[in-house]
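Here is a friendly note to read alongside the model. Please keep the structure open as you go through the points.

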Amino acid sequence: MTTSEKGLGNEAQDELAALDALEKEASEFNKDAEIDRILKAFRLDAYAVLNLQPGVPDSQIKIQYRKLSLLIHPDKTANPSAPNAFDRLKKAQTELMDPKQRTHLDECISDARMLLIRERKLTVDSPEVKEPNKDFIEAWRKKTVEVLVDAEARRRKQLKAQLQEEGREQRKQDEEVAERKRRREHEVKWEESREDRIGSWRDFKKGAGGVMAKGEGDGKQKKKKLKVLG
């Protein structure tokens, strides 16, 4: 191989190395951008976190989750926010695969749509409702956030009330248990002191009997000293 050929070979290798570096840089940029998107997405909206439209089938949810999880996996990027983004992604996928949670989310999104239609004095047959434009979709997304926040606030309030009620019930039960324990302890102590009480009563009776006997004896002696007058 001539010097010229060797030079061309080195140039080709340098170009390949440069292309690899660019691809890695682009890949890291995509990972960072996706991590940033996930962390900025409204966390109560699992569709937004997974970058999916409402109503997609379960199979699409699984495919999307797998694709994004492989892209931002903490083991495949040095981004310090990757673990947090990965956890949110996993949580969103779990919520959408749970029928109860997904139904709740779908209902909130539907409620937001109806509220927006009423606010704009539209009908379900209005053109912008049938074929939503960018403005309507953005307004719908904002309204969905409001509905989800309100629903979450109600849920937390109900949970707090439930916990308080459970706390009151638990305290009541604890007080009843403590009262039963106190009564049992009192009964045990009362039973244990029974012999002492009986012994004290016997001693009292014995002492009282002795005093009475002594009194009767003194009376008899006094009677003997009496003289008959006359």
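1. Let me begin with a helix pair: α3 and α4 are roughly antiparallel to each other, because angles over 145 degrees count as roughly antiparallel, under 35 as roughly parallel, 65 to 115 as roughly perpendicular and the rest as oblique. Their axes are 10 Å apart and pack at an angle of about 170°. Here axes are lines fitted to C-alpha atoms, for helices over the stretch in contact, with angles running from 0 to 180 degrees between N-to-C directions.

2. On the α3 side of this pair, the residues that meet α4 are D58, I61, K62, Y65, L68, S69 and I72. On the α4 side they are A82, A85, F86, L89, K90, Q93, L96 and M97. This contact (heavy atoms within 4.5 Å) has 10 nonpolar, 2 polar and 3 charged residues. In these classes, Ala, Val, Leu, Ile, Met, Phe, Trp, Tyr, Cys and Pro are nonpolar, Asp, Glu, Lys and Arg are charged, and the others, Gly among them, are polar.

3. A word on the basis of all this. The model is predicted, so local features need pLDDT of at least 70 and side-chain atom pairs count only at pLDDT 80 or more, whereas totals for chains, interfaces and linings use all residues. Residues are numbered from 1 along each chain as its sequence is written, and side-chain values use heavy atoms, with hydrogens and water left out.

4. For the overall picture, the protein has 8 helices and 0 strands. Both are DSSP runs numbered from the N terminus: helices are H or I with at least four residues, strands E with at least two. Of the 230 residues, 20% count as buried (under 20% relative accessible area; exposed is over 50%, partly exposed in between, with a 1.4 Å probe and protein chains only). Among contacts with a separation of 6 or more, 60% come from residues 24 or more positions apart.

5. Back to α4 itself, whose buried residues are A82, A85, F86, R88, L89, A92, Q93, E95 and L96.

6. How do α4 and α5 lie relative to each other? They are roughly perpendicular. The axes of α4 (residues 82–97) and α5 (residues 99–119) come within 5 Å and cross at roughly 90°. E95, L96 and M97 of α4 make the contact with P99, Q101, R102 and L105 of α5. By class, these residues divide into 4 nonpolar, 1 polar and 2 charged.

7. Please also look at two positions in helix α7 (residues 134–192), starting with T144. T144 counts as buried at 5% relative accessibility. Beyond its neighbours within four places in sequence, T144 is in contact with D45, I109 and A112.

8. The other position in α7 is L148, which is buried with a relative accessible area of 5%. Its contacts, again leaving aside neighbours within four places, are F42, L44, D45, L105 and C108. L148 and C108 are 40 residues apart in sequence, and their C-alpha atoms are 6.3 Å apart in space.

9. Finally, two loop residues deserve a look. N51, in the loop between α2 (46–50) and α3 (58–72), has a positive phi of about 60° although it is not a glycine. K121 lies in the loop between α5 and α6 (127–130) and has a positive phi of about 55°, though not a glycine. K121 is exposed, with a relative accessible area of 77%.
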